[in-house]
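Here is a short report for a reader meeting this structure for the first time. It covers salt bridges and a sheet.

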Amino acid sequence: MGKCFAVLSEYTEGGDNSLESRITIPFTLHGIEENLTVEYTQGTDPREIGYDALQGFPIDKICCIGYPVMHGYFEHMNATGYRRSCGFIQFVERIENHGENREFSIDVSDENLEKGNPYFAYGYPAEIFDAPCWNLAGCRHLKWTAYTYLVDLPSRMNGNKLKFLGGYSWGYEEDENGPQRLLPLEILTENDWEKHATEKGISDI
């Protein structure tokens, strides 16, 4: 803990390791066509990311520099009122030391999981932001991948069914010298959702 890393100069505009990526994911919510906007960048300013607001955070705030910053939101939503309700479920896969160990988890606190709440965010509509930092936790090399899914929350509007709306993956690789590369922002399918939801016991009910 307490290490600091410089911004990776190898990332340039354009290409798979672009400093900035922006995609639009179309989906249908309660019969209405919508679009989710995802912005994906490389962190350069701890204060802009908000690390200075995290009370008692155990790692030097500068350690987020060079790591990915993800923001998923709606520039405009056609739906109104209750129809705008949606949420995000995010899974994180840690592959340590090039496959020596794999961990797959739901990205929420243990307290929320104990209460049966797997949602990273939810609202009218939901918005998601995430900016990981140095996280080797004793291993020599880490591939950290997030699988972020937009879902229709169980409610009276859908027969209390949890439903896939859209998804994308992103992340990074790091070693003891800091972040080595950002993983590309990639679209996920309903098959990906079913695989990950099944692995962690989240079923469409």
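R22, E39 and E75 are joined in a network of salt bridges. The model is a predicted one. The account below takes the network apart, then turns to another salt bridge and to the sheet.

**The network**

Start with R22 and E39. Their salt bridge brings the closest N and O atoms to 2.7 Å apart. This pair links distant parts of the chain. R22 lies in strand β1, E39 lies in strand β2 (residues 32–42), and 17 residues separate them.

Next comes E75. Its side chain meets that of R22 in a salt bridge, at 2.8 Å from N to O. Again distant parts of the chain are linked. E75 sits in the loop between β3 and β4 (86–96), while R22 is in strand β1, 53 residues apart.

How exposed are the members of this network? R22 has 46% relative accessibility, so it counts as partly exposed.

**Another salt bridge**

By the rule used here, the count comes to eight salt bridges. One of them joins E93 and R102. Their closest N and O atoms are 2.7 Å apart. E93 has 12% relative accessibility, so it counts as buried; that class lies under 20%. R102, at 42%, counts as partly exposed.

| Salt bridge | N to O distance |
|---|---|
| R22 and E39 | 2.7 Å |
| E75 and R22 | 2.8 Å |
| E93 and R102 | 2.7 Å |

**The sheet**

Strands β1 and β2 also belong to an open sheet of four strands. The order is β1-β2-β3-β7, and the pairing is antiparallel. Which strands stand at the edges? They are β1 (20–29) and β7 (128–130). Each has a single partner strand, so one side of each is left without a neighbour in the sheet. From one strand to the next, the twist averages 15°.

Strand β3 (residues 68–73) pairs with β7 in the antiparallel sense. How many bridges does this pairing span? It runs over three bridges.

Notes. Residues numbered from 1 in each chain as written. Predicted model: local features only at pLDDT ≥ 70, side-chain atom pairs only at ≥ 80, totals over all residues. Heavy atoms only, no water. Pairing = 2+ DSSP bridges. Helix = DSSP H or I, 4+ residues; strand = E, 2+ residues; numbered from the N terminus. Axes fitted to C-alpha atoms, helices over the stretch in contact; angles between N-to-C directions. Salt bridge = Lys/Arg side-chain N within 4 Å of Asp/Glu carboxyl O. Buried < 20%, exposed > 50% of the residue type's maximum accessible area, 1.4 Å probe, protein only.
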